[in-house]
Amino acid sequence: MDGPVGESAPGASRDVSARLRALLSPKSVALVGASDRLGWSTGSFANFARLGFEGSLHLVNRNGGEVHGRPSVTSCTEIGEPVDLALMLVGANALPVALADAAAAGIRSVVVLAAGFGETGHEGVRAQQELAERCRELGLMCVGPNCLGFVNVVDRAPAWSGPMPSVAPGGVAVVSQSGATAYTIASFAATQNIGLSHVISTGNEAMVDTVDMAAAVLEDDRVRSVAMFMESIRDVGSLRRLAARAAELRKPIVVMKVGTSALAAEIALTHTGALVGDDRLVDAALRQFGVVRVGSLEQLAITAGLLARTGPLVPGGLGVVSISGGACDIIADRAEIAGVPLEPLAEETQERLSRLLPSYGALRNPLDITGAASENPQLFADALAVFADDPSVALLAAVYVLPTEQRSERIRHKVEMIAKGLRAAGGRGVLMDQTFDTISPHTAAELERMGVPHALTGLRDSIDAIGAAMRWSAWLRRRRMATQAETGPQADGHDGPSREEIGGTWPSAVAGPPPEAGDGPWSEARGLGLLAEHGIPVVPWRAAATREEAVAAARELGYPVVLKVVSPQILHKSDIGGVALGLRTDAEVGQAFDRVTAAGARVAGAHVEGALVAPMRAGGLELIVGLVRDAHWGPTLAVGFGGVWVHVADDTSLRLLPVDESDVRDMLGELRGKALLEGVRGSAPVDLDGLVRVIVDFARMAGRLGPGLASIEINPLRVDGAEIEALDAAVLWL
């Protein structure tokens, strides 16, 4: 990435963050290129008045005269007083002169509206690079080009060149590459009574990207969550540091990431490369970093808004009290899909509810309190208060309608009683309307007056957002526990740095330099040898260059055996008839040797070295354990169910390196077939501790092989009780 923000050193990042915080809170702004004939200028000027900007606003027009009913100056140097920020409304051709003038006036930050740069193709990319270089030479921090700028809602400071959304100040910062999308998110947030601190567009990101901006606003005490719309992730290290800092501050980052990143074709030749490719890696990395990923703009705003209100949730599930039995059924169904636990009520809770609601047969969660609560709203309030005391309830929801302008008078007393019950849960109470609707300014004012902690509309979006909030809260707890286990509590009471924060390295359990890399693929025999050298358990095997050597190897290892063609150029041996199974006699081994080597010889460009002989294994589970080195994300571990089912079952978990035993245990727990590891229908349970150690040792070994490694995988890794061994290996070098 170009510009000072592209520096990867944490110290450089802190300097950039400080400059961006100053950029986002200007006390004096110059509109460069202000003109009554320019719509962008008229809109930008009006935004300052609309938001109530209390600083100084200067209009710069090269011809001077009156602009927007005010006198202008012909240059920034003519202003004659310090200016914090220049909003560049001039076109691309006029930018060089305008930038030089701004720098000469002592301005250090600019927002560039002009298009015609990287979005237009090769020549535009070159022009954008020149823009970034020119800004660096002049000491300017540049946001854009091709952006709409930003709105600092809490400080009433806009540098926004389009229509400005009508939003209330609050705790959610919106950061988006696309200005139009930033406006859409902010406008939608306004319809859901979600208060915003900032609305930021980064555009083409010549010098400043969404991660930089998120890192800057994250340090603002008024920001409680960050909602990001990302079209690309340029610097994985910067994103990792952002996520680590957010976790330290206990502030969630919610992301909608569009687009996919495919691996290089040669990496995807391996099973692991195919499993890791496209959007799976982005999804796994964000989840590993503790970044909440959502699939829609609505979910982006709703989830960030909820978390800004609640902050990290305590352990537990969702407690629901509803006046509608149908809503209880909908919530139960959606909660199962969204992974939201609806924990059984404690015995004490049920006893208290039975005294409160003596006619109820089933006191469960969700609780249908029936229409009796309409006649006696105190029942609703009391039931919510009882739920709030249940130790299994992390978040408390009341399902009822919102006090709209049409019905607020009629239902005011009922909502006030519900609000009283929700407040018993502190900041963990929400009022949910069953259907999706707009929370108008009138409704928002009524909710605040009635003391409702937070309101959500639409059961599906609400439950999905709650699920995301609970998963993030659980991740944060695990991370803090792991950090304390590694470093111990710090003297100031804060957790120490995590592995991610100190550079993503960890001591290797395997001594010695990495092996000498070779171009392209290695043969299976060479791959198994590499694993064995580094302490990974491997099936006994022998390499045979002739029929006679194959027969001798089979006798030594003991029948039955499997025989496979050995060739660096043949990764998928079964596909070409290069594997013979269940061989029980010398004659079968000899014939199989001739058959598999002949099959290999028919593969164009393949150099056949002979055959590999190993004992035939039966029973147990077959896993795939592999690592690929993505050019963007770096080394990535994949663990799943393997063998011939690797692409059929499609059951895989991913992590970026480094990983530890806790990470690997979580990976195995994420597999849909995880019950197989515990033993089913009489099969022995897997030695999970032993399996985890083998996978961690494999990951550490693979991580040491250096940047020349494209991928390495074990497929299958056979696990039968406490017996764990690699049956096949594939190694591919760049």
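Reader: How many aromatic pairs does a search of the whole structure find?

Author: Four. Rings of Phe, Tyr and Trp (its six-membered ring) pair if their centres lie within 6.5 Å; planes under 30 degrees apart are stacked, over 60 edge-to-face, the rest tilted.

Reader: Where do Phe-188 and Phe-436 sit in the chain?

Author: Phe-188 is in helix α5 (residues 179-191), and Phe-436 is in the loop between β18 (429-433) and α16 (441-450). They are 248 residues apart, so the pair links distant parts of the chain. Helices (H or I, at least four residues) and strands (E, at least two) are DSSP runs, numbered from the N terminus.

Reader: What should I know about the model itself?

Author: This is a predicted model, with residues numbered from 1 along each chain as its sequence is written. Local features need pLDDT of at least 70 and side-chain atom pairs 80 or more, totals for chains, interfaces and linings use all residues, and side-chain values use heavy atoms, without hydrogens and water.

Reader: Is Phe-188 buried or exposed?

Author: Buried, at 15% relative accessible area. Phe-436 is partly exposed, at 41%. The cut-offs are under 20% for buried and over 50% for exposed, with partly exposed in between (1.4 Å probe, protein chains only).

Reader: And what about Phe-380 and Tyr-400?

Author: Their ring centres are 6.4 Å apart and the planes are at 80°, so that pair is edge-to-face. Phe-380 lies in helix α14 (residues 377-389), and Tyr-400 in the loop between β17 (393-399) and α15 (408-423). Both residues are buried.

Reader: Now the sheet. What is the strand order?

Author: The order is β16-β15-β17-β18-β19, five strands in an open sheet with parallel pairing. Strands pair if DSSP finds at least two bridges between them. β16 (367-368) and β19 (455-457) stand at the edges, each with a single partner strand, so one side of each lacks a neighbour in the sheet.

Reader: How many bridges join β18 and β19?

Author: Three, in the parallel sense. Leu-431 has Ala-455 in β19 as its bridge partner.

Reader: Which helix packs on the sheet?

Author: α15 does, touching β17 and β18 (contact means heavy atoms within 4.5 Å). Its direction makes about 175° with that of β17. Axes are lines fitted to C-alpha atoms, for helices over the stretch in contact, and angles run from 0 to 180 degrees between N-to-C directions.

Reader: Last one: which residues of α20 are buried?

Author: Val-589, Gly-590, Ala-592, Phe-593, Val-596, Thr-597, Ala-599 and Gly-600. Their cover includes β22 (561-566) and β24 (610-615).
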